[in-house]
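Hi everyone, thanks for making the time. Please have the sequence and the 3D view open while I talk.

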Amino acid sequence: MLEIHNPATGEPIAEVPQATPEIVAERARAARRAQPAWFAIGLDARLQVLQRFRAALAAELEPLAATLTQEVGKPIRQSRNEISGLLGRIDFFLAQAAATLAPQQVFDEGGTREVIGLDPLGVVANISAWNYPYFVGGNVFVPALLAGNAVLYKPSEFATLTGLHIARLLHQAGVPPDVFSPLVGGGAVGAALLAQDVDGVFFTGSHATGVKIAQAVGPRFIKLQLELGGKDPTYVCEDADVQAAAESLADGAMYNAGQSCCSVERIYVHERIHDAFVAAFVDTVRGFKLGDPTREDTYIGAITRAPQLDVLEAQVADAEAKGATLRLGGARLAKPGNWFEPTVFTEVDHTMALMREESFGPIIGIQKVGGDAEALMLMNDTRYGLTAGVYTRDEARAKAILARVNAGSVYWNCCDRVSPRLPWSGHGDSGVGLTLSTYGIQTFTRPRAWHLRQPG
Ligand code: NAD
């Protein structure tokens with residue numbers, strides 16, 4: 001049995017049976033058998049099924065948001081935002097699937113035609129994270145199902161109830177149970193899934209687990225996508241609107257208690273506005289209400305995984321030992337559940353774990369810089385490369401910097417933003433592969449090259 005706890009109170013919520021290795025193997029065989037019929041019903045039928053899934057999500061938004069808040073500690077308004085956000089992503093996939101998946105004729109001469117066909121991969125494994133289970137799961141299973149694949153879905157052990165709701169709603173909408181199988185459990189269930197006969201592995205999670213998955217899957221030459229963590233930097237130039245930048249970046253750093261892959265994790269501020277920016281930033285963060293995530297006015301909820309509190313404490317101790325100035329917070333809260341104060345450091349540098357390792361919590365370092373060259377050098381001084389941003393009134397200046405940053409997504413005067421219309425991908429230790437945009441539909445297919453010659 002998998003025990004599920006409420007991270008905001010520490011209290012048990014539910015016990016759910018875990019998938020045994022035998023169940024995982026049986027579900028994988030069933031998926032293999034069921035996938036051809038799912039593809040054969042055609043795209044129009046699959047679009048209708050996913051449209052019904054979207055309608056069911058919208059109809060159950062309130063109870064689904066309440067479950068998400070209960071099992072991951074996310075403030076209720078942010079849980080609602082996530083489910084609403086998935087509705088928008090589904091709309092994008094539904095609107096783009098037909099054109100994106102259609103065969104494309106690329107040559108027609110002398111009785112010979114050449115056509116690119118897009119076949120489904122077959123059976124894909126979707127191993128998911130807990131921090132945005134609707135987003136990171138939906139980025140995979142929605143386009144994968146539309147393209148005609150069967151999906152073996154392992155929700156995070158910290159978002160199991162949400163994962164089971166997703167499966168229930170997909171089945172009610174008309175996805176056959178063998179075409180979408182939820183597999184409940186932790187890393188051992190994920191590892192058992194990797195051992196099955198699958199045609200693709202789509203993973204969202206930490207760099208450490210991503211390395212293990214790459215090692216397990218590598219020799220089999222199957223499609224592998226790894227959407228991993230980040231240490232996302234932003235640079236605030238001296239001509240930026242200081243108040244607006246501070247408010248935007250405080251939100252980017254603290255939303256979902258900083259537990260976002262694209263949270264702002266490092267801020268570099270031009271020396272001419274550094275002090276004003278820090279004052280406005282700390283002021284904004286002070287205004288964020290921390291507490292019971294079921295309350296409408298809560299902005300910072302619980303830390304989902306208890307071990308992360310140790311990581312945050314260690315980063316605080318390391319930063320203090322190396323001379324950083326603590327401007328706000330800095331400690332866990334002495335109450336049941338997993339709680340950490342929003343924490344702001346200045347006078348930080350790159351010897352500190354706070355500026356090098358993913359924090360994944362409500363903690364941020366702000367570093368003073370002398371100009372664009374220094375900011376760019378520091379932004380690129382990382383193994384990660386998910387997102388990066390620049391705040392300035394000068395678009396040309398922002399673009400000149402952002403074009404040279406190692407990151408899959410770049411932001412001018414915004415941050416912590418994901419669009420279904422744009423590809424989502426990382427550089428370096430942030431992973432390989434991509435989701436979202438039309439590329440994120442095609443990625444669940446393999447091209448077939450058709451050479452068609454009319455008989456004389
Ligand atoms: P995690 O790596 O601990 O777990 C992710 C999933 O992998 C879980 O379902 C887990 O059960 C499973 N797993 C664990 N060990 C496994 C193994 N040996 N084999 C197969 N599966 C295994 O990550 P997490 O704590 O769930 O998620 C947080 C991380 O995810 C952060 O680093 C965050 O930045 C990253 N993330 C990235 C994106 C992105 O789009 N790039 C989005 C969300 C989260």
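This is a predicted model: local features need pLDDT of at least 70, side-chain atom pairs count only at pLDDT 80 or more; totals for chains, interfaces and linings use all residues.

Let's begin with charges. Side chains of opposite charge can pair when their charged atoms come close. In this structure there are 25 salt bridges, and I'd like to show you a few of them.

Go to Glu347, please. Its side chain meets that of Arg327 in a salt bridge, with 3.7 Å from N to O. Where do the two partners sit? Glu347 is in the loop between strand S13 (343–346) and strand S14 (363–369), while Arg327 belongs to strand S12 (residues 325–328), so this pair ties together parts that are 20 residues apart in sequence. Glu347 is partly exposed, at a relative accessible area of 37%. Arg327 is partly exposed too, with a relative accessibility of 37%.

Now turn to Arg383 and Glu357. They form a salt bridge whose closest N and O atoms are 3.4 Å apart. Here we have a loop-to-loop link: Arg383 is in the loop between helix H12 (372–379) and strand S15 (387–391), and Glu357 is in the loop between S13 and S14, so parts that are 26 residues apart in sequence are tied together. For Arg383 the relative accessibility is 42%, which counts as partly exposed. Glu357 is partly exposed as well, at 37%.

The next pair sits within a single helix. Glu395 and Lys399 form a salt bridge, and their closest N and O atoms are 2.8 Å apart. How many residues separate them along helix H13? They are 4 residues apart in H13 (residues 395–402), which means a separation of about one helical turn. Lys399 is at 51% and counts as exposed, because the exposed class covers values over 50%.

If you trace the strands across, you get an open sheet of 7 strands in the order S12-S13-S14-S11-S10-S15-S16, and the pairing is mixed. Which strands are at the edges? They are S12 and strand S16 (409–412), each of which pairs on one side only. On average, and ignoring direction, neighbouring strands in this sheet are turned by 20° against each other.

Last topic: backbone angles. Phe221 is not a glycine, yet it has a positive phi of about 55°. You'll find Phe221 in the loop between helix H8 (207–217) and strand S9 (223–227). Ala257, also not a glycine, has a positive phi of about 55°. Ala257 is placed in the loop between helix H9 (242–254) and strand S11 (264–270).

Buried or exposed, then, for Phe221? Phe221 is exposed, with a relative accessible area of 78%. Ala257, on the other hand, is buried at 1% relative accessibility.

That's my tour, and I'm happy to go back to any of these views.

Note on methods. Residues are numbered from 1 along each chain as its sequence is written. Side-chain values use heavy atoms; hydrogens and water are left out. A salt bridge is a side-chain nitrogen of Lys or Arg within 4 Å of a carboxyl oxygen of Asp or Glu. Helices (H or I, at least four residues) and strands (E, at least two) are DSSP runs, numbered from the N terminus. Buried means under 20% relative accessible area, exposed over 50%, partly exposed in between (1.4 Å probe, protein chains only). Two strands pair if DSSP finds at least two bridges between them. Axes are lines fitted to C-alpha atoms, for helices over the stretch in contact, and angles run from 0 to 180 degrees between N-to-C directions.
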